[in-house]
Amino acid sequence: MKASTQGFTGWHMLLAISAFFAVVIAVNVTMAFYASSSWSGLVVENTYVASQQFNGKAAAMKAMAASGVEGAFSLKGSEIRYEIHDKGGAPAIIDDVTLSFKRPVGDHEDFSLTLRKTGEGRFEADHEVAGGDWIVEAISRRNGVVIMHEAKRFDTAEFGQ
């Protein structure tokens, strides 16, 4: 048996560098695939129109915040509750509430619910909410006019889910 005296050659270096870049490229392709398949990136349909509407929406949100009307969202099992009250703590007079549940990343689990009124300022719905992080957007209306529009981020673990 004859021992090799060549040691680390140019071919070894070529193979090492090729293997390194193959791993880097494979990881980049995988990350790009998951990034492009998990979220469309669409925030608004038309950015020009959204920019023209911004000041009006900002003024409406300031007026809602100044009104003192606040909502409280709760989740217990599949029971979803939303209570809304005025700045004095009395139940706000609201006709309907719509909740839109959105994942922070991805839209394949998003859903919307129109809650049933169970009393003044109290609304409920039954729907399973998968575990994890969510953004819930609540829109409360009286006579077709938006009284409160808010969005809150939560984790189902906050509600013992």
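Me: Is Asp133 buried, partly exposed or exposed in this predicted model?
Reply: Happy to start there! Buried means under 20% relative accessible area and exposed means over 50%, with partly exposed in between. Asp133 has a relative accessible area of 34%, so Asp133 falls in the middle class: partly exposed.

Me: Which residue forms a salt bridge with Asp133?
Reply: Let's look along the chain. Asp133 sits in strand β7, and its partner is in strand β8, 20 residues apart. The closest N and O atoms of the pair are 3.9 Å apart, and the partner counts as exposed at 54% relative accessibility. That partner is Arg153.

Me: How many residues apart in sequence are Arg81 and Glu124, whose side chains meet in a salt bridge?
Reply: Good one to trace on the model. The N to O distance of this salt bridge is 3.2 Å. Arg81 lies in strand β2 (residues 79–85) and Glu124 in strand β6 (residues 122–126), so the pair ties together parts of the chain whose separation in sequence is 43 residues.

Me: What is the relative accessibility of Glu150, the salt-bridge partner of Lys152?
Reply: The closest N and O atoms of this pair are 3.9 Å apart. Lys152 is partly exposed, with a relative accessible area of 38%. Glu150 counts as buried, and its value is 17%.

Me: Which residues do salt bridges with shared partners join into one network?
Reply: The structure holds ten salt bridges, and one of them joins the side chains of Arg81 and Glu124. Through shared partners, a network takes in this pair and one further residue. Its members are Glu79, Arg81 and Glu124.

Me: Where is Asn143, the residue with a positive phi?
Reply: Most residues other than glycine have a negative phi. Asn143 has a phi of about 55° although it is not a glycine. Asn143 is exposed, with a relative accessible area of 68%, and its place is the loop between β7 (133–142) and β8 (145–155).

Me: What is the radius of gyration of the protein chain?
Reply: Stepping back, the chain has two helices and eight strands. The globule rule gives 15 Å for 161 residues, and the chain is well over that, so it is more spread out than a compact globule. Its C-alpha atoms fill a box of roughly 95 × 40 × 25 Å along the principal axes. The radius of gyration is 26 Å.

Definitions and conventions: Residues numbered from 1 in each chain as written. Predicted model: local features only at pLDDT ≥ 70, side-chain atom pairs only at ≥ 80, totals over all residues. Heavy atoms only, no water. Helix = DSSP H or I, 4+ residues; strand = E, 2+ residues; numbered from the N terminus. Rg over C-alpha atoms; globule rule 2.2 N^0.38 Å. Buried < 20%, exposed > 50% of the residue type's maximum accessible area, 1.4 Å probe, protein only. Salt bridge = Lys/Arg side-chain N within 4 Å of Asp/Glu carboxyl O.
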